[in-house]
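Trainee: Could you walk me through how to read strands, cores and salt bridges in a model like this one?
Mentor: Gladly; let us look at it together.

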Amino acid sequence: MRLLSGASASRIPCPLLSLARARARCLPVLASATACRAAASSSAAAAAGDGGVLKPWLFVGLGNPGKVYQGTRHNVGFEMIDVIAEAEGISLSSMQFKAMVGKGRIGDAPIMLAKPQTFMNASGESVGQLVSYFKIPLNQVLVMYDDLDLPFAKLRLLPKGGHGGHNGMRSIINHLKQNRDFPRLRIGIGRPPGKMDPANFVLRPFNRKEQEELDFAFHRGLEAVRIMALEGFNRSATYVNTTQSSEMLNR
C-alpha cells in the first residue's frame, strides 16, 4: 500500500479522538508484578549479552507527529506505544535520534519505547540510528504499524518479512541495509469503503464501535509485548496468532 507523505497528508483535516493514554487507563493489568519478575528471572540469562548485561527490547510504533493525525488509522502504531507506556509507567520524555523515547522495564527485562517523529515515510532514519547506537539485536526490535490488508482490529505477529507496500516499513528496511529479519506487529485497519483512495482512508478517524474494537486490539497488543519481553517471541506469537480468532468470537 502506498501512503501519503507528511506534507500532503497534513492538508486533510481530521477530528481528534480520545488519546491512547486515556484508553490505557481502562485496560486491565493482565500480569501481576510478581508474575512478571518470576518469568523474567527465568529467561534473563538467555537474553543477556556480553558481560551478562541485558540488551533492551526496542518497541517502535509508527505514525505521523502532530495533532492533526491523532486518532487516525495511520497512527495506531503510536497509540499502541502510548498504551504500553501508560500501563508500564514509562514516560516518553526524551528526544533521541528523531524519536520520542522512553526507557523502563517489564519485570526484569529492560525495554525502550520509541515513536519516530520523522513522519511515516522516513521512519527508518530514526529506527536505524536507535538500533545502531544502542547495539540492539534485530530480533529484539519490534515494529508496530497499521495494515490495510488485515481486517479491522486484527493483530498479526511475524518474526520477519518485507514491507508489504507500507512506506514506513520500507524506510526502516532501507536504513537497516535491506535486512528484514526483525519482528513486526501488524495492526489491521481494514480496507477503504467503495472506491475511496487508501491514502485518504488511513487519515480517517474511528467511529465509536471501531474504537471499542481497537481498545480490545490494544489490550491484546499490550499482553503480547509483556509475553515477548518475559518469555520470548515464540510464546508471544502463539498468543497473538493462535488464540485471537477464538477469543474474538467468544466476546
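**A covered strand, its cores and its charged pairs**

Mentor: Both faces of β4 are covered, with A109, I111, L113 and K115 buried on one side and P110, M112, A114 and P116 buried on the other. Buried here means under 20% relative accessible area, exposed means over 50%, and partly exposed lies in between (1.4 Å probe, protein chains only). Please keep in mind that this is a predicted model, where local features need pLDDT of at least 70, side-chain atom pairs count only at pLDDT 80 or more, and totals for chains, interfaces and linings use all residues. Residues are numbered from 1 along each chain as its sequence is written, and side-chain values use heavy atoms, with hydrogens and water left out.

Trainee: How many residues of β4 are buried?

Mentor: In a regular strand the side chains alternate between the two faces of the sheet. In β4, eight of its eight residues are buried. The element names come from DSSP runs, numbered from the N terminus: helices are H or I with at least four residues, strands are E with at least two.

Trainee: Which strand pairs with β4 in the antiparallel sense?

Mentor: Two strands pair if DSSP finds at least two bridges between them. Strand β3 (residues 99-106) pairs with β4 in the antiparallel sense over eight bridges, and R105 stands opposite P110. Two residues separate the strands of this hairpin, where G107 takes a positive phi near 60°. β1 and β4, by contrast, run parallel and are joined by four bridges; W57 has I111 as its bridge partner in β4.

Trainee: What is I111 in contact with, beyond its neighbours in sequence?

Mentor: Contact means heavy atoms within 4.5 Å. Leaving aside neighbours within four places in sequence, I111 is in contact with residues including W57, F59, I90, R105 and A229.

Trainee: Which residues have the most contacts inside the largest nonpolar core?

Mentor: In soluble globular proteins, nonpolar side chains tend to be buried together. A nonpolar core is a set of buried Ala, Val, Leu, Ile, Met, Phe, Trp, Tyr and Cys residues joined through side-chain atoms within 4.5 Å. The largest one has 43 residues, and those with the most contacts inside it are F59, M80, I111, L113, L142, M144 and L157. Elements that give two or more residues to this core include β1, α4, β4 (109-116) and α9 (233-249), while α8 gives the most, with ten residues. A second, separate core of 22 residues includes V60, M112, F134 and I173.

Trainee: How many salt bridges does the structure hold?

Mentor: Side chains of opposite charge can pair when their charged atoms come close. A salt bridge is a side-chain nitrogen of Lys or Arg within 4 Å of a carboxyl oxygen of Asp or Glu. The structure holds eight. One of them joins R73 and E210 (2.6 Å, N to O). That pair links distant parts of the chain, 137 residues apart: R73 sits in the loop between β1 (57-61) and α4 (76-88), and E210 in helix α8 (residues 208-231). Both R73 and E210 are buried.
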